[in-house]
Amino acid sequence: MDSVALVLGSPRGRRFCANVGYACQPDARSSGRHWPQSTEHALEVLDAVDVRAITEMSELEILHCLAYAVDFARYWEPPDEEDLIFVRPAVIAALHPIARTLLGSPHSAWWTEPIDLLNQHLVEKRNPIYGWSDLPVRIYRTEDGLEQWRAEALDTERQFLEYQNADPDRHIGGEWWSIPFANGTTETTRARDGIGALGVFLEEDSSSNEARVQPVRTYGAPRIYEITGPQAWANLVDTYPLAVPASRRSVWHDTSGEFRNWFIPDWVSVADDYDAVHLTMMAYLTTPGIAIPLSANSGATVLAGWNPDTTYWLRSNNITLDDDPTG
C-alpha cells in the first residue's frame, strides 16, 4: 500500500488532510470555518481546493493543521461526527490530491526520518488547574516503573475479566492507551527551526500549550526501535505480546468498531532489547486508532496515546538533561 493510501486509511491522517484543505479556503483565517456541517459541505470545500495553495503554506501552518487533528484523537469512544464524514469514500477521494501534495512537500521530507539523537527535548506542560510543578524537571530511572506498570496492567486485566464473566454484555470503559505509561518514563521530541519543540503543540487531547522545554543530551549508542507505520507497530506487538482482551474490549471496540483479541507491547520485555521507541511523523499519520491484525498472535492491536515524533525512553542510561529550561 502506498503512502497516500496509508494516510487516508487512518482517522488522524484523514483529519489532518481535511484540515489542510479547509485551511486553503480564501476566507479560512477570517471565518474560522474548519467544521464540515455535512458530507455535502465537506465535498464542496475539499473538491474546490487548489493544491497550489498547499505548496505555498509554511511548515508552521501545516503543523498547526496537524495539531488540530492530533488534539481531537479519541481512543475511548466512537469516532466523532467529523471523523465519520471524512471516512466516506467520496470524501476520501477528494482528500487524495491533498494528501499527495502534502507528502510531496519539502516540509514533509523529514516525516519518515528516525529519531534525531542530536535534537531531543523534554517538554513539561503547565497544569491548567494546579499550575507549574514545584518539583524540578529530571530524568528518572525507568526500569522500576515499567515493572510496576506491567503488574498494574495484569491486575487491571484480571479485574476486567471478572466484570466480563459476571456480565458478558456489560459495556464498560477502561484503559485505552498502548504506550509505556509508567512512572519515570521520559518522553522527548525533536525541535524544528523557527518552530521549537514539537511536543509543545503536537499533543493529543491537549489541555495547555504553556510549556517549559528542556534540551536532552543523548550519548553512547542507544538501541532505538522505530515505529514507521502499522506493520512496524504490529511487528513490535507480535514480538513482545501482552494480551489485554478484557480491559480494552469496550474502548477499542468503540474506536475501531471491532471486537478482537487485543494485544499491546509488553514494555518490560521490549526494554530488554531496546532503550527507546520512536514514532515517526508518518507513522502517526498512518497507524493510531485502527485495528491492526497480528501474524504471530491470534488477535489485533491498536496504537493509542502516542504523540507525533515522540520517543519513549524505556531506559534512562543514554539520556541526561542539558542546560536550563526555556519557556
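This is a predicted model: local features need pLDDT of at least 70, side-chain atom pairs count only at pLDDT 80 or more; totals for chains, interfaces and linings use all residues.

Student: How many helices and strands does the protein chain have?

Tutor: The protein chain has 13 helices and twelve strands; helices (H or I, at least four residues) and strands (E, at least two) are DSSP runs, numbered from the N terminus. Of its 327 residues, 51% count as buried, that is, under 20% relative accessible area with a 1.4 Å probe, protein chains only.

Student: How is a pair of packed helices described?

Tutor: Two packed helices are described by the angle between their axes and the distance between the axes. Axes are lines fitted to C-alpha atoms, for helices over the stretch in contact, and angles run from 0 to 180 degrees between N-to-C directions. Here the axes of helix H2 (residues 11-23) and helix H4 (residues 39-47) come within 9 Å and cross at roughly 65 degrees. H2 and H4 are therefore roughly perpendicular to each other, a term that covers 65 to 115 degrees.

Student: Which residues make the contact?

Tutor: H2 contributes Ala 18, Gly 21 and Tyr 22, and H4 contributes His 41, Ala 42, Val 45 and Leu 46; contact means heavy atoms within 4.5 Å.

Student: In what order do the strands of the open sheet lie?

Tutor: Two strands pair if DSSP finds at least two bridges between them. Four strands form an open sheet with mixed pairing, in the order S6-S7-S10-S9. Strand S6 (241-243) and strand S9 (292-293) are the edge strands, each pairing on one side only. Strand S7 (residues 262-265) and strand S10 (residues 300-301) are parallel, with two bridges, and Trp 262 stands opposite Ala 300 in S10. Helix H10 (residues 230-239) packs on this sheet and touches S6, S7, S9 and S10; its direction makes about 90 degrees with that of S7.

Student: Why is strand S4 described as largely enclosed?

Tutor: Six of the eight residues of S4 (residues 211-218) are buried, so the rest of the structure largely encloses this strand. Strand S1 (residues 120-125) runs antiparallel to S4 and is joined to it by six bridges, with Leu 122 opposite Gln 214. S4 also pairs with strand S12 (residues 319-321) in the antiparallel sense over three bridges, where Arg 217 stands opposite Thr 320.

Technical notes. Residues are numbered from 1 along each chain as its sequence is written. Side-chain values use heavy atoms; hydrogens and water are left out. Angles under 35 degrees count as roughly parallel, over 145 as roughly antiparallel, 65 to 115 as roughly perpendicular and the rest as oblique. Buried means under 20% relative accessible area, exposed over 50%, partly exposed in between (1.4 Å probe, protein chains only).
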